[in-house]
Each structure stands twice: as structure tokens, then as C-alpha cells.
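Here is a short briefing to read alongside the model on your screen.

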Amino acid sequence: MSLLSNLQIDGDRLWDSLMEMAKIGPGVAGGNNRQTLTDEDGEGRKLFQSWAEAAGMTMGVDTMGNMFFTREGADPEALPVYVGSHLDTQPTGGKYDGVLGVLGALELVRTLNDLNIRTKHPIVVVNWTNEEGTRFAPAMLASGVFAGVHEEAWAKDKVDAKGKRFGDELKRIGWEGDEPVGARKMKAFFELHIEQGPILEDEGIDIGVVTHGQGLYWLEVTLTGKESHTGSTPMPKRRNAGLGLARVTELVHEVAMDYQPSAVGAIGHIDVYPNSRNIIPGRAVFTIDIRSPSKKTLDEMRERIEDGIDLIAEALDIEASVDEVGHFDPVTFDPGCVKAVRDAAERLGYSHTNIVSGAGHDACWINRIAPTAMVMCPCVDGLSHNEAEEITKEWATAGANVLMHAVVETAGVVE
Ligand code: HGY
Ligand code: MN
Ligand code: MN
């Protein structure tokens, strides 16, 4: 690698691409609302395709809309090194969550082109469909199908809040490809992502070497009571699903607090019916999001919460049902790929530390079928899933440099 020890990406070009992509599906407060399979997602895909093809790569799209751009290697038979992330955003998302990983991968190819560097293994840049899981649950849906965790038909039947079906929306925006999903084989997969937490910035560290990812459950709860008049229904006669929601919200928080410092728990998605000022809520539908780096803790939390929901339902004379709508166990990334990331950070002189990913990523599923690792860069105040999400050009550049070195190291340079 001595030949390439000072190999560096063009940070200005990466930053310009990030700002260009951020113009598509703007939010209302400076971030993005480019939710999966919307017209804005389709537009972002087209822009990314134009850039990737301008960088001499050829596109393949699978039946889940996952986009793959190949930069040929000297040995076409050699398994490619895949690198990428996701372009879809939360409804009040930032400009960098996922996008930095896709455009950082594009930038490394642009840099190799500039310097006429050939690798032995091909390099494939990826945009995974529906990483966020906000419009169609669960998160990391298309990478999950690719990794054989979900059935394609099951995924395509997922519907959004308006009853629109994933498969129909994918067709509607014109991004249902013909490649069988999961047919592609990988030598390795690397993903660059913002930390989405405060550790790197607080400790003044440039690079997170992601050794593990915490596990997650998404539990959709339906509490059914009885609509009735908020004025004339005596308190003892109420069957208040809204009160049940409040108590479960507190329960989730308390259980998570019992497993500090690492466990987390919250309820982010909430629908209350009929949501009228003077009707006692008859139904509450909401999703519990609990996570922990320990499978034992995660399962214990789930059990305690489900038992607690039963007690709350009984006390309030309401019915409760719990559906698992998302789950993955804690992930240990490939030591060889993790070492390539750490060696790259060292070679480039960046401060770095091992870190466990708090958020889920496509890499968590791909890790099941190919050696995988992630690179993280800091984000301002650790904030993400908020339109105010911010990073610096220096952080983006450092992350993309480490990503490039790890990928090139793994793909092998042809002298
Ligand atoms: O939920 C997650 O961790 C990811 O942002 N989809
Ligand atoms: Mn993400
Ligand atoms: Mn996200």
C-alpha cells in the first residue's frame, strides 16, 4: 500500500455532490424529505445514476430496486468489493444520513479514475432501497431481502400509511430492476455512515471503527378501548386507549433506563383514533423501538415490556396486541474488514476509536452474507433524524479517505 499511502479523495467534489443531492426532496427546515419510492427518491436515483455513469460505471438494478454500479477490475472473475449505503431519508431527515455513504463511495471511484488506479477486484457502488423503514417498515428492507432475511413477496406487500404497496410504488417510480435480488456475490462490503450519536465529536475523534452494531426490536402495539364522550363519561367507566399509550410510553422508558448505559427505548410512531378533542381514544396504534448491544438484554427488555403491557391493559379494561414488525440481533462485523478500516485510519493519521453502531444499517444485514465493516465520522451534537443534522467537510473527507483505503486495500491494486 506504500504506493497509495497518500491517496486522498477530493473533499470539495464530495461536498458539492452532497449539496447537489440535498436539493432533491428538500425538507422544511434545511434537511431532506426524500422518502423511499417517492418521486423525490426517483429523482435522487436518477441524479446518482447520471454521476455514476459519468464516472464510467455500468448500472445493474435488482427486483427490489437496489442499484449497483460496477467499476471493472483487472480480474473480471474476481468477486467485487461492494461499497455504499442508502439515498432514502426520514421525513425530517438530514442531508448526510446514508447519502454520505453512497456519495463517499462514488467519490472514491472518481478519485481512482483521476489517478488511473486499477484494482484487481471490481468495485461496485450500491444504493440500497428503503434503509429507513419509515414509510414501509421494517428498516433495511431491501438489503434484508438481498441477504435472504426477508422474502421478496413479503417485502413487496408492505404498505405505507396511505395503503400504497411497496411493490406498486417501486414500479410506479420506474426502479424495479430485472436482476434477481441477492444473486450478486461479494468479496466484502464497506459502508461509510455518520455516527448519528455524540461519542466521536465529544471525544474529538475523526473516525469510528465500527466493530459491532446493536440489536433492535420494533414492536407494533394496538390498544383497543372504547370511544366515548370526554365530558359525560364517568372516569371509572372509561376504556381509554390513550391512557394506555401514555403508560406504555413510560414503561418503555423505565425498562430502557434499567439497562444503562447502553440500552435505549422510545416510541416514535403513534396513531390515536379517532383523534378528536372530545372523544376518549378508542384505539392507539404505536411502534416501540428498543435496542441493545446485548441479545440477552434486548430479549429481557422485550419480555418485561410485553408483560407490562398486559398488566396495563388489564388495569384499564382495554385489549392489547403486539406484533414484531422489525428485528435484528446485535452484529459483530468481520475482523478482517474492521482491521482494513483501522489500518486505513492509522495510515492516514486520523484519530480513531472502536465504536458500536447505535443505529441500524444495511451493513448489519449484508454482514450475514459477506465480510463487512463500517466507517463512521462524527456529526454535530450527535444529531441525526433531524433536519438540523450537520457534519463538516473535513469529517466527510476523512471518512471517505478511510473508506477508499479500506476498499482499495481489499480490492488490491494492480501496479
Ligand atoms: O433505525 C435505524 O437505526 C436506521 O436509521 N434505519
Ligand atoms: Mn442511515
Ligand atoms: Mn436513518
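Predicted model: local features only at pLDDT ≥ 70, side-chain atom pairs only at ≥ 80, totals over all residues.

**The manganese ion (ligand 3)**

- The protein donors here are Asp97 (OD), Glu132 (OE), Glu132 (OE) and His385 (NE2), lying 2.1 to 2.5 Å from the manganese ion (ligand 3).

**The manganese ion (ligand 2)**

- Which residues coordinate the manganese ion (ligand 2)? They are His86 (NE2), Asp97 (OD) and His193 (NE2), at 2.1 to 2.3 Å.
- Along the chain, the donors of the manganese ion (ligand 2) have the spacing H-x10-D-x95-H.
- Histidine 86 belongs to the loop between strand 3 (81-85) and helix 3 (99-114) and histidine 193 to strand 6 (residues 188-194), so this pair ties together parts that are 107 residues apart in sequence.
- Are these two histidines buried or exposed? Histidine 86 counts as buried because its relative accessibility is 0%, and histidine 193 is buried with a relative accessible area of 1%.

**Helix 1 against helix 2**

- The axes of helix 1 (residues 11-22) and helix 2 (residues 39-54) come within 10 Å and cross at roughly 150°.
- An angle over 145 degrees counts as roughly antiparallel, so helix 1 is roughly antiparallel to helix 2.
- The crossing of helix 1 past helix 2 is right-handed.
- On the helix 1 side the contact is made by Ser17, Glu20 and Met21, and on the helix 2 side by Gly44, Leu47, Phe48 and Trp51.
- Sorted by class, the contact of helix 1 with helix 2 holds four nonpolar, two polar and one charged residues.

**Helix 10 against helix 12**

- Helix 10 (residues 335-348) packs against helix 12 (residues 393-411) at an angle of about 120°, and their axes are 8 Å apart.
- That angle makes helix 10 oblique to helix 12.
- Helix 10 passes helix 12 in a crossing that is right-handed.
- From helix 10, Ala340, Val341, Ala344, Ala345, Arg347 and Leu348 meet Asn401, Val402, His405, Ala406, Glu409 and Thr410 of helix 12.
- By class, seven nonpolar, three polar and two charged residues make up the contact of helix 10 with helix 12.

**Threonine 410, a residue of helix 12**

- Threonine 410 lies in helix 12 and counts as buried because its relative accessibility is 16%.
- What does threonine 410 touch, leaving aside residues up to four places away in sequence? Its contacts are Val81, His121, Lys187, Ala188, Phe190 and Ala340.
- Although threonine 410 and cysteine 337 are 73 residues apart along the chain, their C-alpha atoms are separated by 8.0 Å.

**Backbone details in the loops**

- Alanine 137 and proline 138 are joined by a cis peptide bond, with omega about 0°. You will find proline 138 in the loop between strand 5 (123-127) and helix 4 (141-146).
- A cis peptide bond also runs from tyrosine 273 to proline 274, where omega is near 0°. Proline 274 is placed in the loop between strand 9 (264-273) and strand 10 (283-292).
- Asparagine 275 lies in the loop between strand 9 and strand 10 and has a positive phi of about 60°, although it is not a glycine. At 65% relative accessibility, asparagine 275 counts as exposed.
- Aspartate 381, in the loop between strand 14 (372-377) and helix 12, has a positive phi near 55° and is likewise not a glycine. Its relative accessible area of 62% makes aspartate 381 exposed.

Conventions
Residues numbered from 1 in each chain as written. Chains lettered and ligands numbered in written order. Heavy atoms only, no water. Donors = N, O, S within 2.8 Å, 3.2 Å for Na, K, Ca; no water. Helix = DSSP H or I, 4+ residues; strand = E, 2+ residues; numbered from the N terminus. Buried < 20%, exposed > 50% of the residue type's maximum accessible area, 1.4 Å probe, protein only. Axes fitted to C-alpha atoms, helices over the stretch in contact; angles between N-to-C directions. Parallel < 35°, antiparallel > 145°, perpendicular 65-115°, else oblique. Left-handed = near helix turned anticlockwise from the far one by under 90°. Contact = heavy atoms within 4.5 Å. Nonpolar A, V, L, I, M, F, W, Y, C, P; charged D, E, K, R; others polar.
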